[in-house]
Amino acid sequence: MSKFTKQPVNTLTLNPFQTIGKDWFLITAKKEDKINTMTASWGGFGILFGKPVAYIFIRPQRYTKEFIDANSHFSLSVLPETYRKQLNYLGTVSGRDEDKIANSTLHIQTEDDIPYFEESKFVFLCKKLFAQTMDKNSFLAPNIIDKWYANQDFHTVYIAEIESVLQKNN
């Protein structure tokens, strides 16, 4: 029996400001036979192109970007606060240097060949619709560049359709 139930996206009552900005989430994707993940606290949910979407931001130097770029799908896993230590670890160690998923003690599951974490309370299974690197000339407030992009390492913005939402069974 699955530990998760598929939920219609329009029935969710989570607070995106809390979920993304305070709780954080894991962006996870597969490339060939490997899986990588990263912790994120920037992003959002909404409606675009007539679909429920998630948008995420990944810097060019992040190893997970290679995995996102190599696949049409990825997951966003929201874990309970009890996994804050693992979220911190997965956000500071690179999968290029070690098997950080194995070292995190978290467990990978898959749904439709999309990897996610068994410990999640919610999982968003996403299909990429759009990707574009932020352009320095598009910023209307120069102080943002000074504060967040001193190295000119502008994020790529990904917009993805939320195809399924999995909620942990109690």
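The UniProt record, in an unreviewed entry, places the feature "domain: Flavin reductase like" at residues 25–166. UniProt positions follow the numbering used here, feature names are shortened, and annotations may be inferred rather than shown by experiment. The structure is a predicted model, in which local features need pLDDT of at least 70 and side-chain atom pairs count only at pLDDT 80 or more, while totals for chains, interfaces and linings use all residues. Residues are numbered from 1 along each chain as its sequence is written, and side-chain values use heavy atoms, with hydrogens and water left out.

Helices (H or I, at least four residues) and strands (E, at least two) are DSSP runs, numbered from the N terminus.

Helix H3 covers residues 84–92, and its buried residues are Arg84, Gln86, Leu87 and Leu90. Because these buried residues fall within an arc of 160° when H3 is seen down its axis, they line one face of the helix. The arc is that of the directions from the helix axis to the C-beta atoms. Here, buried means under 20% relative accessible area, exposed over 50%, and partly exposed in between (1.4 Å probe, protein chains only). The exposed residues Lys85 and Thr92 sit on the face of H3 turned away from its buried side. The cover over the buried residues of H3 includes helix H1 (16–23), strand S2 (25–31), strand S3 (34–40) and helix H4 (100–104).

In helix H2 (63–70), the buried residues are Tyr63, Thr64, Lys65, Phe67 and Ile68. Their cover includes S2, S3, S5, strand S6 (73–78), strand S9 (122–133) and S10.

Leucine 26 lies in strand S2 and counts as buried at 0% relative accessibility. Leaving aside neighbours within four places in sequence, leucine 26 is in contact with residues including Leu79, Leu87, Leu90 and Phe117. The C-alpha atoms of leucine 26 and leucine 79 are separated by 8.2 Å, although these residues are 53 residues apart along the chain.

Lysine 100 is found in helix H4 and is buried, with a relative accessible area of 2%. Among its contacts, apart from neighbours within four places in sequence, are Asn36, Met38, Tyr89 and Leu90. Lysine 100 and methionine 38 are 62 residues apart in sequence and 9.7 Å apart in space, C-alpha to C-alpha.

**Salt bridges**

Side chains of opposite charge can pair when their charged atoms come close. A salt bridge is a side-chain nitrogen of Lys or Arg within 4 Å of a carboxyl oxygen of Asp or Glu. The whole structure holds nine salt bridges, and the table gives some of them.

| Pair | N to O distance |
|---|---|
| Aspartate 153 and arginine 59 | 2.9 Å |
| Lysine 65 and aspartate 69 | 2.7 Å |
| Arginine 96 and glutamate 66 | 3.4 Å |

Aspartate 153 forms its salt bridge with arginine 59. Aspartate 153 lies in the loop between helix H5 (142–148) and strand S10 (156–168), and arginine 59 in the loop between S5 and helix H2, so the pair ties together parts that are 94 residues apart in sequence. Aspartate 153 counts as buried at 13% relative accessibility, and arginine 59 is buried with a relative accessible area of 18%.

Lysine 65 and aspartate 69 both belong to helix H2, where they are four residues apart, about one turn of the helix. Lysine 65 is buried, with a relative accessible area of 15%, whereas aspartate 69 is partly exposed at 41% relative accessibility.

The side chains of arginine 96 and glutamate 66 also meet in a salt bridge. Since arginine 96 lies in the loop between H3 and H4 and glutamate 66 in helix H2, the pair ties together parts that are 30 residues apart in sequence. Arginine 96 is partly exposed, with a relative accessible area of 45%, and glutamate 66 is partly exposed, with 33%. Salt bridges that share partners join Lys31, Glu66 and Arg96 into one network.

**A nonpolar surface patch**

Leu48, Phe49, Leu129 and Phe130 form a nonpolar patch on the surface, with about 340 Å² of accessible area together. Patches are made of residues with over 30% relative accessible area and no salt bridge; like charges are joined within 9 Å, and nonpolar side chains (Val, Leu, Ile, Met, Phe, Trp, Tyr) within 5 Å. Accessible areas come from the Shrake-Rupley method with a 1.4 Å probe, and for residues only the protein chains shown count as cover. Phenylalanine 49 is found in the loop between strand S4 (43–48) and strand S5 (51–58), and counts as exposed at 52% relative accessibility.

Note on methods:
Contact means heavy atoms within 4.5 Å.
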